[in-house]
Amino acid sequence: MSKPLFSLEVFPPKRTAPIGTIYDTLDGLHGVDPAFISVTYGTGKQSDRTITARIANTIRTEYGIPAVAHLTAQYLDRDQTDEALDMFAQAKVAAVLALRGDRNPEREPAGVFMHASDLTRYIRQTHPEITVYGACYPECHPQSRDLDEDISWLKVKVDAGASHLISQLFYDNADYLRFLDKARAAGIDVPIEAGIMPVTNAASVRRMTGMCSSKVPERLATILDRWGDDPNTLKEAGIIYASEQIADLVARGVDGIHLYTMNHPGVTRRIWQNVQGLF
Ligand code: FAD
């Protein structure tokens with residue numbers, strides 16, 4: 001059996017913080033050995049392209065780690081998309097994670113890329129040198145009627161050229177394994193990495209799981225109830241929870257683990273120390 005991948009995600013510093021603070025995150029990850037680090041993308045402003053491309057370039061050139069650039073396209077026209085793709089190609093990214101992005105009811109989509117599969121197809125046609133990754137949702141994307149419908153659109157995305165998938169966060173491995181069975185049965189045969197987001201803060205878990213329509217299993221709810229007001233102990237419990245989730249998934253033969261670092265290098269390092277022998 002081939003070894004699973006281990007990869008990381010970071011996000012650009014907030015607009016109010018200097019871009020140089022990303023070095024605190026990247027320096028703090030020293031000792032962790034990811035197959036790649038992906039860099040998230042904002043909601044379509046001009047500066048998003050530059051910042052994601054700059055950080056991806058930094059990861060590759062200064063840290064020697066392959067970088068994956070996220071791109072959300074529903075608010076972009078073709079010229080803006082080409083500009084972003086050219087920047088990513090110049091940064092020699094290992095892949096672009098092609099996304100639609102979340103809907104903002106106050107903004108009208110540009111009408112060019114209505115779904116991630118449209119962007120995926122476009123990249124494959126216009127920038128064949130760029131590898132395309134895609135997102136997937138073990139507990140179903142909130143806008144889909146059910147998991148079967150969601151997976152049927154996922155298959156369209158893979159057929160359009162997404163050669164690797166990264167999942168949304170989830171806290172119950174049974175949900176991920178059920179999704180994996182259904183995706184394979186639907187003929188989706190590309191590698192699928194499981195997205196793991198360590199719990200570091202009770203309010204942010206409630207907010208993130210609410211946003212993603214992801215459930216908080218009883219075991220995690222108990223932890224949040226017990227230590228929700230004790231951030232240091234909650235962080236310790238979160239590191240154990242994520243490490244156990246990863247060990248179970250790797251034991252079951254998943255293709256890889258994508259750890260959402262939330263720019264908390266200390267937590268990421270601790271988890272890596274726990275699980276590195278599995279990769
Ligand atoms: P799509 O694949 O387009 O799917 C969206 C919905 O439309 C689903 O319900 C799907 O089933 C349905 N659908 C798909 N194709 C069709 C079709 N042809 N016809 C009808 N229905 C269809 N957001 C950011 O803003 N920045 C980021 O950097 C970012 N990174 C992410 C990384 C990962 C790994 C994940 C899982 C999510 C990320 N997101 C990010 C969030 C993402 O933008 C949202 O989840 C968004 O709502 C959906 O994006 P998508 O690319 O999965 O959309």
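At roughly what angle do the axes of helix H8 and helix H9 cross? Let's start there, everyone, and keep in mind that this is a predicted model.

Helix H8 covers residues 218-227 and helix H9 covers residues 231-251. Their axes cross at roughly 165 degrees and come within 9 Å. Angles over 145 degrees count as roughly antiparallel, and therefore H8 and H9 are roughly antiparallel to each other. The crossing of this pair is right-handed. On the H8 side, the residues that meet H9 are Leu 220, Ile 223 and Trp 227. On the H9 side, they are Thr 233, Leu 234, Ala 237 and Tyr 241. Sorted by class, that contact has six nonpolar residues, one polar residue and no charged ones.

Now for a second pair, H5 and H6. Helix H6 is residues 173-185, and its axis comes within 10 Å of the axis of H5, with a crossing of roughly 50 degrees. That makes H5 oblique to H6. Here, too, we have a right-handed crossing. H5 brings Leu 147, Ile 151 and Leu 154 to the contact, while H6 brings Phe 179, Lys 182 and Ala 183. By class, that gives five nonpolar, no polar and one charged.

Hold on to H5, please, as we turn to the ligand. Which element gives the most to the shell around the ligand? It is H5, with four residues. Other elements supply at least two residues each, among them strand S3 (67-72) and helix H4 (116-126). There are 24 residues around the ligand, and Thr 40, His 70, His 115, Ala 116 and Ala 135 come nearest. The shell divides into eight nonpolar, 12 polar and four charged residues.

Key: Residues numbered from 1 in each chain as written. Predicted model: local features only at pLDDT ≥ 70, side-chain atom pairs only at ≥ 80, totals over all residues. Near = placed C-beta within 6 Å. Nonpolar A, V, L, I, M, F, W, Y, C, P; charged D, E, K, R; others polar. Axes fitted to C-alpha atoms, helices over the stretch in contact; angles between N-to-C directions. Parallel < 35°, antiparallel > 145°, perpendicular 65-115°, else oblique. Left-handed = near helix turned anticlockwise from the far one by under 90°. Contact = placed C-beta atoms within 7 Å.
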